[in-house]
Amino acid sequence: MKISILSAVYNEQQHVEEMIASVRSQLHPDWELLFVDDGSTDRTVELITAAAVADPRIQVVGQGRKIGKARAFNLAYAASTGAVVVLLAGDDIMPVDSLRHRAEALGGTPAEERVVAFFKLRTFSENPRWDGMVLPRGDSASRSGGSITMTRGLADLVFPIDESLRSEDIWLGHAAEALASRVISLPHVVLHYRMHEGNSNQRAESFTQLNESTRRRHQAYQALLASARLNLPEASRQLLKQLWWAEELRYNGQTLRVLFGPDLPLIDRMAMASMSDPTLYRIRSRYFKLLSGRRNR
């Protein structure tokens, strides 16, 4: 089973060699690693190109200009040929059995079937506040980009990602789960997620910065609802409507309405409320490790 690994990178010279080494060390050998460089100004492309010379499974399929993360992933997907599709950021790494777990989860599944497998991730960081968390907590699995594994049949529906979006996570997680004919959830850690101040989803922002960056991320709810191409089931549309309503309240600082208004699980409303008010955000930041991973996604 060939697995296509899609990577959109920008100025990752500090970490990309470690990422590539983690892919090359995989116990499952049938893979391709496809990079689209989003206009890097450092040695990122030089380092990837050198790795591609050493291993033909590695390719640079787009480079040279700033096009945005979502479009970069779309270009990588358009060039991919695997029966299974996963994403990997340039600063993250895969444990050696990552692809093996994914291949075993989807083993025997025809590529045209619409199946998604979700797994767990482990954080690592030089900051002890962010290091060593296995997410999400409990028995659930992550719906975040690098932990998602899709068959080609499902990926053909989910891609292309709306290119107006800042990031891919919310689009992919919700669309894949909504459109899959079968959803697999497993406890294996398949991604080591590097947490640092350069992440696209930053944890060291001021409240004002957080409010705006969260708004941009959560616009994926509205984009999913607006997409006629996806043809989402009604239950998924209702969930997205509630999430977008909660986002509107959160963005405008209506904390009590976030907590008591939308028809969402309490943990989701509490998470939204913690990003609606400067004081609550300070509490969330101080106890980040204790509070993270409780939304079961």
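This is a predicted model: local features need pLDDT of at least 70, side-chain atom pairs count only at pLDDT 80 or more; totals for chains, interfaces and linings use all residues.
A pocket here is an open set of grid points with protein on both sides within 12 Å along at least five of seven lines, and its lining residues have an atom within 4 Å of a point.

- Several stretches of the chain supply its lining: Gln14 and His15, then Phe124, Ser125, Glu126, Asn127 and Trp130, and finally Arg194, Met195, His196 and Glu197.
- Sorted by class, that lining splits into 5 polar, 3 nonpolar and 3 charged residues.

**Aromatic pairs**
- Searching the whole structure turns up 2 aromatic pairs.
- One of them is stacked, because the rings of tyrosine 77 and phenylalanine 159 have centres 4.3 Å apart and planes at 10°, with under 30 degrees being the cut-off for stacking.
- Tyrosine 77 belongs to helix H3 (residues 69–79), while phenylalanine 159 is in the loop between helix H5 (152–158) and helix H6 (169–179), so this pair ties together parts 82 residues apart in sequence.
- Both partners fall under the 20% cut-off for buried: tyrosine 77 has 9% relative accessibility, and phenylalanine 159 has 4%.
- Phenylalanine 207 and tyrosine 281 make a tilted pair, since their ring centres are 6.1 Å apart and their planes are at 55°.
- That pair also links distant parts of the chain, with phenylalanine 207 in helix H7 (residues 207–226) and tyrosine 281 in helix H11 (residues 278–286), 74 residues apart.
- Phenylalanine 207 and tyrosine 281 are both buried, too.

**Charges over rings**
- Look at tyrosine 10 and you'll find lysine 66 over its face, 3.7 Å from the ring centre.
- Arginine 215 does something along these lines with tyrosine 251: its charged end sits over the ring, 4.5 Å from the centre.

- Strand S2 (residues 31–37) is largely enclosed by the rest of the structure, because 7 of its 7 residues are buried.
- Trp31, Leu33, Phe35 and Asp37 point one way from S2, and Glu32, Leu34 and Val36 point the other way.
- S2 runs parallel to strand S1 (residues 3–9), and 7 bridges join the two.

How values were computed: Residues are numbered from 1 along each chain as its sequence is written. Side-chain values use heavy atoms; hydrogens and water are left out. On a 1 Å grid over the protein atoms alone, a cavity is a set of points where a 1.4 Å probe fits but cannot get out, and a pocket is an open set with protein on both sides within 12 Å along at least five of seven lines; lining residues have an atom within 4 Å of a point. Ala, Val, Leu, Ile, Met, Phe, Trp, Tyr, Cys and Pro count as nonpolar, Asp, Glu, Lys and Arg as charged, and the others, Gly among them, as polar. Rings of Phe, Tyr and Trp (its six-membered ring) pair if their centres lie within 6.5 Å; planes under 30 degrees apart count as stacked, over 60 as edge-to-face and the rest as tilted. Helices (H or I, at least four residues) and strands (E, at least two) are DSSP runs, numbered from the N terminus. Buried means under 20% relative accessible area, exposed over 50%, partly exposed in between (1.4 Å probe, protein chains only). A charge sits over a ring if NZ of Lys or CZ of Arg is within 6 Å of the ring centre and within 35 degrees of the ring normal. Two strands pair if DSSP finds at least two bridges between them.
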